[in-house]
Amino acid sequence: MDPLQDGMSRIELLDHMGGDLAVVNDAKASFDRVADELGDREIKLLRYLAEHNHTSPFRGTVFKFRVKAPLFVCRQWWKHVIASNHNDEQLGWNETSFRYVAIDSPEYYCPESFRLQAKDNKQGSEGQLELQDDAHCRRAYRNACNAAYDAYSQLLEMGVCREEARAVLPPSFYTTWVWTASLQSVLHFVDMRKGYGAQSQIVKYAECVEELILPIVPHAISAWNDAKQ
């Protein structure tokens with residue numbers, strides 16, 4: 001999937017373990033019971049777990065994604081890994097390191113159009129720039145990104161180490177990582193990054209994450225979303 005539709009961004013589901021029935025059976029472990037299929041009683045149990053915030057059974061189902069996104073999206077995403085560690089959830093994060101590899105082309109994200117700063121939200125945005133102003137801003141934005149990449153390339157050519165040369169690159173440049181997370185972590189990520197005030201670029205990734213896992217855990221997602229309303 002290409003959430004930003006710019007030909008460079010992408011997200012794919014690499015692998016998964018478990019599903020709706022696995023969540024149910026993790027809950028049933030308390031009674032030393034196992035369900036062989038997902039029936040009405042099992043779906044009712046899923047809804048009970050979500051409504052009463054019994055989240056540990058949601059941690060046994062795990063998903064692995066590969067993501068390519070701008071660095072500013074990556075750093076917002078990383079906050080969920082930090083938070084999840086405090087809950088002892090199963091997860092992993094393995095990112096391309098520009099200490100090991102050099103960027104061989106100026107791959108960076110440029111918005112289709114620029115938004116205005118929100119008047120009542122210090123971190124949010126609203127509306128669009130006028131077309132003439134937007135065109136000027138796009139030129140300034142691209143000139144800055146290209147200049148940064150030129151400086152980066154010159155530093156490497158002069159023998160500067162990759163770990164220091166990379167510091168001149170802006171957060172619009174792309175990186176790639178593999179994210180392994182429990183269903184609970186994934187659903188929390190979707191909640192937060194589709195919610196009010198989330199940056200539009202990461203919203204699109206969150207929508208894709210939910211779309212990718214929906215065929216695997218449709219009842220868990222429905223129960224989770226209904227419980228949050």
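Select Ser125, Ala198, Gln199, Ser200 and Gln201: of the 31 residues lining the largest pocket, these lie nearest its centre. Keep in mind that this is a predicted model. The pocket's volume is about 840 Å³. Now colour by element. α3, β5 (125-128), α6 and α7 each give two or more residues to the lining of this largest pocket. The lining splits into 13 polar, 10 nonpolar and eight charged residues.

Next stop: the second largest pocket, with a volume of about 310 Å³. Pick Ala27, Lys28, Phe31, Leu45 and Leu49, the closest to its centre among 14 lining residues. Show α1 and α2, which each supply at least two residues of that lining. Which element gives the most here? α2 does, with five residues. By class, the lining of this pocket has six nonpolar, five charged and three polar residues.

Now hide the pockets and turn to the packing. Select Phe65, Trp77 and Trp179. They have the most contacts inside the largest nonpolar core, a set of 41 residues. To see where the core comes from, highlight α1 (20-28), α2 (40-51), β2 (62-70), α3 (71-85), β6 (174-182), α6 (183-193), α7 (200-213) and α8 (218-228); each supplies at least two residues. α7 gives the most to this core, with seven.

Zoom in on Phe65. Leaving out residues up to four places away in sequence, Phe65 touches Ile11, Glu12, Leu13, Leu14, Trp177, Val178, Trp179, Val186, Val209, Leu212 and Ile213.

Last stop: another core lies apart from the largest one. This one has 10 residues, among them Tyr108, Ala165, Leu169 and Phe173.

How values were computed: Residues are numbered from 1 along each chain as its sequence is written. This is a predicted model: local features need pLDDT of at least 70, side-chain atom pairs count only at pLDDT 80 or more; totals for chains, interfaces and linings use all residues. Side-chain values use heavy atoms; hydrogens and water are left out. A nonpolar core is a set of buried Ala, Val, Leu, Ile, Met, Phe, Trp, Tyr and Cys residues joined through side-chain atoms within 4.5 Å. Buried means under 20% relative accessible area, exposed over 50%, partly exposed in between (1.4 Å probe, protein chains only). Helices (H or I, at least four residues) and strands (E, at least two) are DSSP runs, numbered from the N terminus. Contact means heavy atoms within 4.5 Å. On a 1 Å grid over the protein atoms alone, a cavity is a set of points where a 1.4 Å probe fits but cannot get out, and a pocket is an open set with protein on both sides within 12 Å along at least five of seven lines; lining residues have an atom within 4 Å of a point. Grid points are joined across faces, edges and corners, and a volume is the space filled by probe spheres set on the points. Ala, Val, Leu, Ile, Met, Phe, Trp, Tyr, Cys and Pro count as nonpolar, Asp, Glu, Lys and Arg as charged, and the others, Gly among them, as polar.
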